[in-house]
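Colleague: I'm new to reading protein models. Could you walk me through this one, feature by feature?

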Amino acid sequence: MRGVPLAAKRLIDMVLSLVVLVFGWPLLVVIALLVKRSSPGPALFVQERVGKGQKPFSLYKFRTMTVAPRGYDPIHWDSAEEARVTRVGQFLRDYGLDELPQAINILKGDMSIVGPRPRRPVHVRDYDERQRKVFAMRPGVVCLASFQGRRSIPVEQRVELHVQYVENWSLRLDFEILLRAIPVVLGRRDAREVVMPEGEGS
């Protein structure tokens with residue numbers, strides 16, 4: 001019964017991601033240059049995340065933190081991680097601009113515009129049967145948590161919101177999430193309450 005709506009969702013994803021990449025490339029280039037100037041390292045941050053059907057994929061973001069020392073791979077946020085966020089990176093996080101390269105992930109079919117946020121393999125190993133429902137759909141750039149507290153709500157609550165999204169999904173729900181999330185992101189509401197590390201997948 002979800003076949004046609006899901007096909008429509010995929011078509012919308014492809015069209016909008018192409019629009020971002022074709023018409024937004026000057027902005028992407030400017031952001032990449034700013035990131036490069038903010039601290040040594042690549043403009044893009046690439047990390048393995050878990051997607052639909054628990055299939056791993058490489059997620060792309062603009063780098064918002066200084067490059068971690070070799071062999072350093074934290075999975076939880078602390079003061080040392082907070083100190084690594086650059087000024088440019090904080091601005092990009094506040095307005096969600098660090099997520100723009102995920103248009104590539106959307107075009108490739110790894111992600112959707114709206115869906116559960118993808119997390120690292122280490123963070124999903126202990127998911128129970130209910131929580132694993134999130135793997136029934138492609139992960140998204142925007143989710144229910146995007147306007148219900150953003151990063152200010154606990155991880156467990158965000159996962160529950162992802163499950164609720166999958167259980168109640170419809171195209172109408174996607175549009176409602178987008179309409180409610182855009183003003184929240186542009187207004188920077190709850191953007192700085194809890195700044196998650198790039199490895200958290202929030």
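Modeller: Leu18 has a relative accessible area of 41%, so Leu18 is partly exposed. Keep in mind that this is a predicted model. Leu18 sits in helix H1.

Colleague: Which residues form a nonpolar patch on the surface?

Modeller: The general idea first: in soluble globular proteins, nonpolar side chains tend to be buried together. Here, though, a nonpolar patch on the surface includes Leu11, Ile12, Met14, Leu18, Leu107 and Phe175 among its members, and the patch has about 960 Å² of accessible area together. Helix H1, residues 3–23, gives the largest share of the patch, 9 residues.

Colleague: Is Ser17 buried or exposed?

Modeller: Ser17 also lies in helix H1. Ser17 is buried because its relative accessible area is 2%, and buried means under 20%. Leaving out residues up to four places away in sequence, Ser17 touches Ala103, Ile106 and Leu107.

Colleague: Okay, how many helices and strands are there in the protein chain?

Modeller: The chain has 8 helices and 4 strands. Reading from the N terminus, the order is α-α-β-β-α-α-α-β-α-β-α-α. Of the 202 residues, 46% count as buried. Look at sequence distance too: among contacts between residues at least 6 apart in sequence, 74% join residues at least 24 apart.

Colleague: And how do I read the confidence? Which element has the lowest mean pLDDT?

Modeller: Think of pLDDT as the predictor's confidence in each residue, from 0 to 100. The protein chain averages 86, and 83% of the residues score at least 70. Among the elements, helix H3 (residues 79–83) has the lowest mean, 67, while strand S2 (residues 56–62) has the highest, 98. Watch residues 191–202, where pLDDT stays under 50.

Colleague: What about the inside? Which residues have the most contacts inside the largest nonpolar core?

Modeller: That core has 21 residues, and Leu144, Phe147, Tyr165 and Ile177 have the most contacts inside it. At least two core residues come from each of S2, strand S3 (112–114), helix H7 (155–167) and helix H8 (171–186). H8 supplies the largest share, 4 residues. Take Phe147 as an example: not counting residues up to four places away in sequence, Phe147 touches Ile177, Arg180, Ala181 and Val184.

Colleague: Now the charged side chains. Which side chain does Asp174 meet in a salt bridge?

Modeller: To spot one, look for a side-chain nitrogen of Lys or Arg within 4 Å of a carboxyl oxygen of Asp or Glu. By this rule the count here is 9 salt bridges. In one of them, Asp174 pairs with Lys9 at 2.6 Å, N to O. This pair links distant parts of the chain, with Asp174 in helix H8 and Lys9 in helix H1, 165 residues apart. Both Asp174 and Lys9 are buried.

Colleague: How many residues apart are Glu176 and Arg172?

Modeller: They are 4 residues apart in helix H8, about one turn of the helix. Arg172 counts as exposed because its relative accessibility is 64%, whereas Glu176, at 36%, is partly exposed. Salt bridges can also join up: Lys61, Asp98, Glu99 and Arg117 are linked in a network of them.

Colleague: One on the backbone, then. Which residue has a positive phi although it is not a glycine?

Modeller: In general, most residues other than glycine have a negative phi. Gln54 has a positive phi of about 60 degrees. You'll find Gln54 in the loop between strand S1 (44–50) and S2.

Colleague: Last one: how many residues apart in sequence are Arg2 and Ser170?

Modeller: Arg2 and Ser170 are 168 residues apart in sequence, yet 8.4 Å apart in space, C-alpha to C-alpha. Arg2 lies in the segment before H1. Leaving aside neighbours within four places in sequence, Arg2 is in contact with Met137, Val166, Glu167, Asn168 and Trp169.

Methods: Residues are numbered from 1 along each chain as its sequence is written. This is a predicted model: local features need pLDDT of at least 70, side-chain atom pairs count only at pLDDT 80 or more; totals for chains, interfaces and linings use all residues. Side-chain values use heavy atoms; hydrogens and water are left out. Contact means heavy atoms within 4.5 Å. Patches are made of residues with over 30% relative accessible area and no salt bridge: like charges are joined within 9 Å, nonpolar side chains (Val, Leu, Ile, Met, Phe, Trp, Tyr) within 5 Å. Accessible areas come from the Shrake-Rupley method with a 1.4 Å probe; for residues, only the protein chains shown count as cover. Buried means under 20% relative accessible area, exposed over 50%, partly exposed in between (1.4 Å probe, protein chains only). A nonpolar core is a set of buried Ala, Val, Leu, Ile, Met, Phe, Trp, Tyr and Cys residues joined through side-chain atoms within 4.5 Å.
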